[in-house]
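Please read them with the structure open.

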There are 2 protein chains.
Amino acid sequence: MGKPALTESKENAEIGALDGILGFHIRLAHGAVYRHFVETFSDLGLTQKQVSVLWLVGDQQGISQIELGSRLHMDRATTMTIVNRLQDREYLRRERSEEDGRKQALFLTTSGHAALEEAKQCIASHESWLKNRFTRQEIEKLVEMLTRIHE
Amino acid sequence: MGKPALTESKENAEIGALDGILGFHIRLAHGAVYRHFVETFSDLGLTQKQVSVLWLVGDQQGISQIELGSRLHMDRATTMTIVNRLQDREYLRRERSEEDGRKQALFLTTSGHAALEEAKQCIASHESWLKNRFTRQEIEKLVEMLTRIHE
DNA sequence: CCAATTTGTTAGTAGAGCATACAATTTGGC
DNA sequence: GCCAAATTGTATGCTCTACTAACAAATTGG
């Protein structure tokens, strides 16, 4: 019954049965990646979401908010707040779409492009910190498995 | 252009070069797991963190807040807000530790135990939703790789 | 042409995370 | 034993992300 009192030297935090929960490991891994991301981007002052949005808008100028949101799995309201923040910082601007008056077309400003370039440098260093612990094959397998989760 | 237009979830959202970023996939996977978690736990009204805390306190009655926080990678302030919320709902209680007057020892209440039991049922169904897409070996490998990230 | 849908917007709520400051307690150096 | 430093808990305030609900404007379809 019960478990022996933990007297072992293991510095690694014991999490008991939680260790068998896949979702738990995904959450912890995400947290670790998140924290390193924030550290890497403390100078730029950009969050993961903001960088993703800059990246996607840079990739596909004129994309609508709804399209942007759907590709990053954000709802309309969440997309709004992030686009608002980037617009306030003058990294991107909205334009009414000509084809569809309901849509806003999003474009990077000049400083938006500059910020994205800087961000891509940070992403590179962040990614190598992350990927360092895996072989090329493992990364491929990991990405494939993660994709099966988020589809 | 093999993809049919459909109203289902699986509209292959193009994310371009972002597709090569491992951190991005971790974030998307986490988001997908999180959303399914919330859905699964909408009846119980518990969050991932709250369940993790209930689980750990149930596993190790008398654990201190600092210990709890360190095992779930939360700082003291964050741990406080979560413990406060669970205490307000009378799922757990604090007791001044006898060995170390600085510490609070945490214990599940009766309804805390009940909530944890319910939660474990939900976790099981949530986990099988998640694990369904993998073989046993893949799960093992995935957990091992995720552990390398969060150590 | 009118009703339904899509898209954007605003406002409000909530969880999680972090920084800072402070109080109580314990620990360690002397 | 005593005092300074470290540990733990607490309180406050801020930010980011995410969701809901309601509403307006534009488009689409029957």
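1. Contact here means heavy atoms within 4.5 Å. Keep in mind that this is a predicted model. With neighbours within four places in sequence left aside, Thr79(A) is in contact with Gln65(A), Leu68(A), Gly69(A) and Met74(A).

2. Thr79(A) sits in helix H4 of chain A, which covers residues 76-88. Is Thr79(A) buried or exposed? Its relative accessibility is 1%. Buried means under 20%, so Thr79(A) counts as buried.

3. Now helix H2 of chain A, residues 48-59. Its 12 residues, at 1.5 Å a residue, should span 16 Å. The end C-alpha atoms are 16 Å apart, so expectation and model agree.

4. How many of the 12 residues of H2(A) are buried? The count is 9, so H2(A) is largely enclosed by the rest of the structure. The buried residues of H2(A) are Gln48(A), Gln50(A), Val51(A), Ser52(A), Val53(A), Leu54(A), Trp55(A), Leu56(A) and Val57(A).

5. Next, the packing between chains. Two packed helices are described by the angle between their axes and the distance between the axes. H1(A) and helix H1 of chain B (residues 22-40) have axes 9 Å apart and pack at about 135 degrees. H1(A) is therefore oblique to H1(B). The crossing of H1(A) past H1(B) is left-handed.

6. Which residues make that contact? From H1(A) come Gly23(A), Ile26(A), Arg27(A), His30(A) and Val33(A). From H1(B) come Gly23(B), Ile26(B), Arg27(B), His30(B) and Val33(B). The residues of this H1(A) to H1(B) contact divide into 4 nonpolar, 4 polar and 2 charged.

7. H1(A) (residues 22-40) also meets helix H5 of chain B (residues 110-131). Their axes come within 9 Å and cross at roughly 75 degrees. H1(A) and H5(B) are therefore roughly perpendicular to each other. H1(A) contributes Leu22(A), Gly23(A) and Ile26(A) to the contact. H5(B) contributes Glu127(B), Leu130(B) and Lys131(B). The contact of H1(A) with H5(B) has 3 nonpolar residues, 1 polar and 2 charged.

8. Last, His126(B), a residue of helix H5 in chain B. The relative accessible area of His126(B) is 2%, so it is buried. What does His126(B) touch, residues up to four places away in sequence not counted? The partners are Val33(B), His36(B), Phe37(B) and Thr40(B).

Definitions and conventions. Residues are numbered from 1 along each chain as its sequence is written. Chains are lettered from A and ligands numbered from 1 in the order in which they are written. This is a predicted model: local features need pLDDT of at least 70, side-chain atom pairs count only at pLDDT 80 or more; totals for chains, interfaces and linings use all residues. Side-chain values use heavy atoms; hydrogens and water are left out. Helices (H or I, at least four residues) and strands (E, at least two) are DSSP runs, numbered from the N terminus. Buried means under 20% relative accessible area, exposed over 50%, partly exposed in between (1.4 Å probe, protein chains only). Axes are lines fitted to C-alpha atoms, for helices over the stretch in contact, and angles run from 0 to 180 degrees between N-to-C directions. Angles under 35 degrees count as roughly parallel, over 145 as roughly antiparallel, 65 to 115 as roughly perpendicular and the rest as oblique. Ala, Val, Leu, Ile, Met, Phe, Trp, Tyr, Cys and Pro count as nonpolar, Asp, Glu, Lys and Arg as charged, and the others, Gly among them, as polar. A crossing is left-handed if the near helix is turned anticlockwise from the far one by less than a right angle, and right-handed if clockwise. The expected span of a helix is 1.5 Å times one less than its number of residues.
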